[in-house]
Amino acid sequence: MINLDDLNLCTGKKTRLQRMMYEYGPGNGKLLILPIDQGLEHGPIDFSPNPPSLDPEFQFELAIQGGYSAIAVHYGLASKYYHKYAGKIPLILKLNGKTCIPSDDEPLSTLTGTVEDAVRLGADAVGYTLYVGTPRQDEDISQFQMVREEASKYGIPVIVWSYPRGESIEKKGGRESFYAIDYAARVALELGADIVKINLPETVSDKSPEPYNKEYSVAEMAKKVVQSAGKSLVIFSGGSKLNDDDLLKKVRICMDANAVGLIYGRNMWQRPMGKALEITGRIKSIILDK
């Protein structure tokens, strides 16, 4: 069980994390977050498997009916839709983003909002996408430093979407490799993330440096990246939609690795509302059992 007293947080951050981890969602000190930043990151194509999900009202209703810990959105959706749901579901405001149209060889997510926007909108946390290993990581780290400084000033937690990207990452095993994701988890800790959002490592590559080129189970890799993140709490992302059995297997691996929770988007809202609520309930049962 995570003890917020051990994380050296200011009272503002501690209060907001306490609310998300104990007053909403599973309520046992764990997090279940619903993101809807894919409209910017991937385009409307992600909503086509479940056409009603194109309307952000769908995700806000799912977050409330499903009892999520928070919903994560960009400024536009927060400013145009959240007023109806304020006080009913905690808000995480994403502060940077990009489209998927250009190549990922040298990605950088530019700022789309501010910490002050987040406070004004009533957010309980802010989110920042950091691309680890790209040729532009110097710009990225500098941009994040400004966000981290403002978040500290306002006492609001920072969640870092820590994603390995770029040609150098691909040459060392790829963005989903154990090496890349473990490195990304550690970078988030080193830069001051309160929570780090990472993918579950599922591949080992002989292109990766030792000891990452040896054989490991997915469970072993998951536990290692959580350890590498130290006092930056880890939430694992869901990625593309999986069938129920594979999804629940993934949930168990993540929670057994001592992650603080999950941030699942497409695996939830690409389903009709009834099925989305059903799988949400099954995921929460696993989280509550930990």
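Analyst: Glu190 and Arg186 both belong to helix 8 (residues 178-191), where they stand four residues apart, about one turn of the helix. Helices here are DSSP runs of H or I with at least four residues, strands are runs of E with at least two, and both are numbered from the N terminus. The model is a predicted one, in which local features need pLDDT of at least 70, side-chain atom pairs count only at pLDDT 80 or more, and totals for chains, interfaces and linings use all residues. Residues are numbered from 1 along each chain as its sequence is written, and side-chain values use heavy atoms, with hydrogens and water left out.

User: What does Glu190 form with Arg186?

Analyst: A salt bridge is a side-chain nitrogen of Lys or Arg within 4 Å of a carboxyl oxygen of Asp or Glu. Glu190 forms one with Arg186, their closest N and O atoms being 3.0 Å apart.

User: Is Glu190 buried or exposed?

Analyst: Buried means under 20% relative accessible area, exposed over 50%, and partly exposed in between (1.4 Å probe, protein chains only). Glu190 is exposed at 55%, while Arg186 is partly exposed at 39%.

User: Which residues are linked in a network of salt bridges?

Analyst: Lys98, Asp104, Arg165, Glu170 and Arg175 are linked in such a network. Within it, the closest N and O atoms of Asp104 and Arg165 are 3.6 Å apart. Asp104 lies in the loop between strand 4 (96-97) and strand 5 (110-111), and Arg165 in the loop between strand 7 (158-164) and helix 7 (167-171), so the pair ties together parts that are 61 residues apart in sequence.
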